[in-house]
Amino acid sequence: MSQVWPGHPYPLGATYDGSGTNFALFSEVAEKVELCLFDEAGAERRVELHEKDAFVWHGYLPGVLPGQRYGYRVHGPHDPARGLRCNPTKLLLDPYAKAVDGEVDWDQAVFGYTFGDPDTLNTADSAPRMLKSVVISPFFDWNGDRPPRTPYDRTVLYEAHVRGLTIRHPGVPERYRGTYAGVAHPVMIEHYQKLGVTAVELMPVHQFVHDEHLVSRGLRNYWGYNSIAFLAPHNGYSSAAAPGQQVQEFKQMVKDLHNAGIEVILDVVYNHTAEGNHMGPMLCFRGIDNAAYYRLMADEPRYYMDYTGTGNTMHVRHPHVLQLIMDSLRYWVTEMHVDGFRFDLAATLAREFYDVDRLSSFFDLVQQDPTVSQVKLIAEPWDLGEGGYQVGNFPPLWTEWNGQYRDTVRDFWRGQDHGIAEFASRLTGSSDLYQFTGRRPSASINFVTAHDGFTLADLVSYNGKHNDANGEQNRDGADDNRSWNCGVEGPTDDPAVRALRAAQTRNLLTTLFLSQGVPMLVAGDEMARTQGGNNNAYCQDNETSWLDWSLAEENADLLRFTVEVSRLRREHPVFRRRRFFHGAPIRGTGDDARHGLKDDARQGLKDIVWLRPDGAEMSDEDWESGAARTLAVFLNGHGIPDPDERGEPVVDDSFLLFFNAHSEAVDFHVGPVELGDTWETVIDTRPSSPAPPGADLGAASAVQEPLDRRVKTGDLVTLDARSTVVLRRAS
């Protein structure tokens, strides 16, 4: 093992070939690079890499096998005033590490400076306190694994945290709770399938670091938006004991989910790293080539540009940083078989200089990449910098978390007077945001809640945040929650308040699943998970954030309702159109055969009709009423323009949807007659009785008694205050 061959500058990282391992590290500023190998006892052996091509230092070591722990020491200039921070006393992670062992043991040694003076050079050896990179075996039996490739119009996202999802699940063996294996356990797959989930969107699984300021207070970075290794699955989510085996476990998770037809989407954080600002630790990029990897202040390069609120911003304009991000994305698709990505603070990746440019280098590369361009790409379309709110402005390949959808739907159901036109736009796919950039309704990832903010149960139970457990005097977290406690702050035994909260929850879920676009459900919202009003539980790695699976039985009625409204969406393509509504009549022309229209659809009916409570079609004056809180809409199942996968026409049932966000009951006339004669009630969000013990949730109905199941055109349907009714045409 003392022999070092020249090796190759590509691929970057540690690459095992069955006989030995090639190591390659980029650093333009380095004057000398040492590869550091660690045995099981922690003893270190240093090997200098003499070969350098195009600023890539490399060497091949015969006999170095998977499981070998390693790191780098980079010798070079230390001049913080010029943005140069090399310090060979600090062990550095490989930016291309495919596995990481251990955690950071917070000590002054892991910082590149002496406390109190960030311009000094700290010469304490950090290796005993540091994470170690791990050589992995790339070999895995995928056994014909194929990605589900679920079309966007059939996609239902389930945002989940690997640890919190199963750590309290009694049906998951204790060894696998809170791990990758737990995510794909059969009991979990059964739950996803019951909900109609087609893709699990996992919160960050790139190796991340628990911040020193949290650890010192007995807390941890639960959410994981603190990445340090973009190719390594986080070791804390593995049930395996041996270093590097988390890679095999992650692959098995993906394989098992794919076998069940479920995609895996990763929430990825390429906008910043765990090294923070100039007062942060030296773990990887800062010591390898600080000015290459980070955006520094042009006039004072000792400081970092910060568009993320975390202390630093990745220098995406630099070719090697772009290469790292693209190599990471391709690796997760080709080697780990994931099906897409949700990009945290994606507007940061578009910042060429100070402005957000949707045609920046990163998006150009994604557009032309034959691998990355073919998976699901979801942007969180904002950051914290000036001009960073970019909802609706991403390129055609991209979908976006639609923050305007979230805000509008929340406001509508809490009775804010913002007008119903905005609500109607969000319900029908937000064409005002996406249509004119060549995108379709699926560009809108619709969500009412996400990991960041209130849970759905808390959204209807709290007016304000209650984040005291975070130790920041309740100053952290958003103040603009657009929530409503329904009359009492927090838990209550008042039956009227509890009934109203349950109805509001059903209203929000119905709106979410029956809106055009792609619905995203947050894990636990289907069974009323609460965080006690904490809207920023990023540091709560405890029962505050973990799913309490006893709620599935306690709130079986809500789970049953969610199952049924999801099924309604899945079975009826009129709720998941691939193109926007036009509001134009479907006329009896030669196109009828292509569209598969029946005789009763050739009467000039529009694909969508908006109705007032009296049954008349909405006028311009009606739309401009800022105080209106009631709305009905007819969705024509014969007005779906796109054929199915085999080119056959798509014809569906037609539906009437009634929304009443008013504080009083409202009578709606069913009609006019040309829309249909007889209607069947399929959704009613008014209170219902809980399911009996042992009830089959999959067979339950979402209709809440005592509303008659069938109504005729011209009948009055009385909607209680704050309720939704959905009718399906029966004739």
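Me: Is the crossing where H7 passes H8 right-handed or left-handed?
Reply: In this predicted model, the crossing of H7 past H8 is right-handed.

Me: At roughly what angle do the axes of the two cross?
Reply: The axes of H7 and helix H8, which spans residues 361–368, cross at roughly 35° and come within 11 Å.

Me: Which residues in H7 and H8 meet?
Reply: From H7 the residues are Leu 322, Ile 325, Met 326 and Leu 329, and they meet Ser 361, Phe 362, Leu 365 and Val 366 in H8. By class, this contact has seven nonpolar residues, one polar residue and no charged residues.

Me: Turning to the largest nonpolar core, which of its residues touch the most other members?
Reply: Tyr 192, Phe 341, Phe 343 and Phe 362 do, in a core of 170 residues. Helix H7, residues 319–334, gives the most to this core, with nine residues. As a general point, nonpolar side chains tend to be buried together in soluble globular proteins.

Me: Take Phe 343. What is it in contact with, leaving aside neighbours within four places in sequence?
Reply: Phe 343 is in contact with Val 268, Tyr 270, Leu 329, Leu 349, Phe 362, Leu 377, Ile 378, Ala 379, Glu 380 and Trp 398. Of these contacts of Phe 343, Leu 329 belongs to H7 and Phe 362 to H8, and both take part where those helices meet.

Me: How many of the nine residues of H6 are buried?
Reply: Eight are, so helix H6 (residues 285–293) is largely enclosed by the rest of the structure. The buried residues are Phe 285, Arg 286, Gly 287, Ile 288, Asp 289, Asn 290, Ala 292 and Tyr 293.

Me: And what covers them?
Reply: The cover over the buried residues of H6 includes E2, strand E7 (69–75), strand E9 (84–85), strand E15 (227–233) and H7.

Me: E2 is part of an open sheet; in what order do the strands run?
Reply: The order is E1-E2-E6-E5, four strands with antiparallel pairing. Strand E1 (13–16) and strand E5 (51–53) each have a single partner strand and stand at the edges, so one side of each is left without a neighbour in the sheet. The twist from one strand to the next averages 25°.

Me: Over how many bridges do E1 and E2 pair?
Reply: E1 and strand E2 (residues 20–26) pair over four bridges in the antiparallel sense, with Gly 13 opposite Ala 24 in E2. Their hairpin has three residues between the strands, and Gly 18 there takes a positive phi near 105°.

Me: What about E5 and E6: how many bridges there?
Reply: E5 pairs with strand E6 (residues 56–62) over three bridges, also in the antiparallel sense. Asp 53 stands opposite Val 56 in E6.

Me: Now Thr 166: buried or exposed?
Reply: Thr 166 is buried, with a relative accessible area of 0%. This residue is found in helix H1, residues 162–166. Beyond its neighbours within four places in sequence, Thr 166 is in contact with residues including Val 172, Tyr 176, Arg 177, Met 188 and Trp 549.

Me: Last one: where is Asn 536?
Reply: Asn 536 lies in the loop between strand E21 (518–522) and helix H14 (551–554). At 12% relative accessibility, Asn 536 counts as buried, because the cut-off for buried is under 20%. Not counting residues up to four places away in sequence, Asn 536 touches Trp 223, Asp 452, Asn 467, Asn 470, Asp 476 and Gly 477.

Me: How far apart are Asn 536 and Gly 13 in space, and what is the separation in sequence?
Reply: Asn 536 and Gly 13 are 35 Å apart in space, C-alpha to C-alpha, and 523 residues apart in sequence.

How values were computed: Residues are numbered from 1 along each chain as its sequence is written. This is a predicted model: local features need pLDDT of at least 70, side-chain atom pairs count only at pLDDT 80 or more; totals for chains, interfaces and linings use all residues. Side-chain values use heavy atoms; hydrogens and water are left out. A nonpolar core is a set of buried Ala, Val, Leu, Ile, Met, Phe, Trp, Tyr and Cys residues joined through side-chain atoms within 4.5 Å. Buried means under 20% relative accessible area, exposed over 50%, partly exposed in between (1.4 Å probe, protein chains only). Contact means heavy atoms within 4.5 Å. Axes are lines fitted to C-alpha atoms, for helices over the stretch in contact, and angles run from 0 to 180 degrees between N-to-C directions. A crossing is left-handed if the near helix is turned anticlockwise from the far one by less than a right angle, and right-handed if clockwise. Ala, Val, Leu, Ile, Met, Phe, Trp, Tyr, Cys and Pro count as nonpolar, Asp, Glu, Lys and Arg as charged, and the others, Gly among them, as polar. Two strands pair if DSSP finds at least two bridges between them.
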